[in-house]
Amino acid sequence: MEGDLGAPNASVLGEHSLLVGSSWVAAFLCFIILLTTAGNFLLILLIVTQRSLRNTSNYFLVSLFMSDLMVGLVVMPPAMLNQLYGRWVLRGDFCSLWASFDVMCCSASILNLCLISLDRYLLITSPLRYKLRMTSCRALALVLAAWTLAALASFLPIKMGWHELEFQVRPLNVTGRGDEEQCRLLVSLPYALVASCLTFFLPSAAISFTYCRILLAARKQAVQVASLASNVATADEATPQVPRAPSQPLASSESRRFTNKHSKKALKASLTLGILLGMFFVAWLPFFVTNVAQAVCDCVPAGFFDVLTWLGYCNSTMNPIIYPLFMRDFKRAMGKFLPCCRRSAEPRPSAISLSMRNSNSGPRAATSLKNVLTLQAETDSMDSGAPGSEPRLLPAPRSPGACPVGLWDTEPPGTELQLGTPVA
């Protein structure tokens, strides 16, 4: 008698716990979808409405945010329904269409990240030639090529059935499991290898290469700044000057302070690049490795594969948070609407620059670090008519070079000093 009463109670408790668990999963997935959609849409709107953000570099960011927005609007909601109900609840015709959009949007997001890293690399290594190399037409052509490659890796093979074993075309990409229909993209090994190489492994290698070169350039700039700052301090001590007021700090101590500050910024650049690469590989590397393993042995549990798929989707959620977080122009634009961003977006002059500018020494050639700490970012000679190579009042003739560009600066430097590290 007790066993008969306990069985219904156990089943009721099991259904209740399952319902509570599904509610938490639904709430979490809805939060991810809303955050992805709202974040990417607001950043696209910010770029369109703010004149200061309309430049060539932000073409790639708009393309990235657009692909991530499509992930939040088109890909995530059906995936959430698939996860909650355990089956495909929409029309069977939409399954292959949704799978095509899934592959295309995620691939476009990864390829856009590759274009952003290439754009940063060109801006850092050769800022004077950047506007000559990265024109608006070339930027749009690169964006179009990324979306074309993503579409060719998704819609064409899925519609033609090339992703399946023996290239058999099925009317619907729905596999039946009992009385329930499942919508899962089961791919063959050749398609998994080709698509993964084109849309992940090769772009990942390019992203890693460009960011490592940027990191080396930032460290090289840090060493050059330290050397030049010490030379400025030595020259300042050797030049006879009018006695200063006791309250004014010495240039040597200020130069050391400036060197330490720039070293910290170089370290911050290293941490920034580590965060970007870490988030990217944590989000997508497990999925693509598991996708290839699934095509080889068909031994990956469906629940585990779904978790890795959503982990990849979350990269589209983090992109609009991470990338604008380190971009000075975005901070300034957002500071007009968000008070919390105004203080961090305000430019802060160097202490040594203010000290040398306010010093009462006689007429000297170098009046501020802006005229001294101009690092040569290129080793090759530049044309005199290149953008950004206007003549300046410098203490001595120097080979044409470029001021160091910040990691997330969207334009080559003009007349103000910009260090080669991101400003948080």
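1. About 80 Å³ of space lies in the largest cavity. The model is predicted. Searching the whole structure turns up three cavities of 30 Å³ or more.

2. Which helices each supply at least two residues of the lining of the largest cavity? They are α7 (189–238), α8 (251–297) and α9 (302–325). The largest share, five residues, comes from α8.

3. The lining of the largest cavity holds ten nonpolar residues, two polar and no charged. Among the lining residues are L113, I207, Y211, F280, N315 and N319.

4. The count of disulfides is two. With bonded cysteines counted along the chain, the pattern is 1-2, 3-4.

5. C95 sits in helix α3 (residues 93–125), and C183 in the loop between β2 (180–182) and α7, so the pair ties together parts that are 88 residues apart in sequence. Both C95 and C183 are buried.

6. C297 is joined to C299 by a disulfide, S to S 2.0 Å. This link is left-handed, with -50° about the S-S bond. Is C299 buried or exposed? C299 is exposed, because its relative accessible area is 52%. C297 has 39% relative accessibility, so C297 counts as partly exposed.

7. C105 is in no disulfide. The nearest cysteine sulfur, that of C106, is 6.8 Å away. C105 has 0% relative accessibility, so C105 counts as buried. C197 is partly exposed, with a relative accessible area of 34%.

Notes
Residues are numbered from 1 along each chain as its sequence is written. This is a predicted model: local features need pLDDT of at least 70, side-chain atom pairs count only at pLDDT 80 or more; totals for chains, interfaces and linings use all residues. Side-chain values use heavy atoms; hydrogens and water are left out. On a 1 Å grid over the protein atoms alone, a cavity is a set of points where a 1.4 Å probe fits but cannot get out, and a pocket is an open set with protein on both sides within 12 Å along at least five of seven lines; lining residues have an atom within 4 Å of a point. Grid points are joined across faces, edges and corners, and a volume is the space filled by probe spheres set on the points. Helices (H or I, at least four residues) and strands (E, at least two) are DSSP runs, numbered from the N terminus. Ala, Val, Leu, Ile, Met, Phe, Trp, Tyr, Cys and Pro count as nonpolar, Asp, Glu, Lys and Arg as charged, and the others, Gly among them, as polar. A disulfide is a pair of cysteine sulfur atoms within 2.5 Å. Buried means under 20% relative accessible area, exposed over 50%, partly exposed in between (1.4 Å probe, protein chains only).
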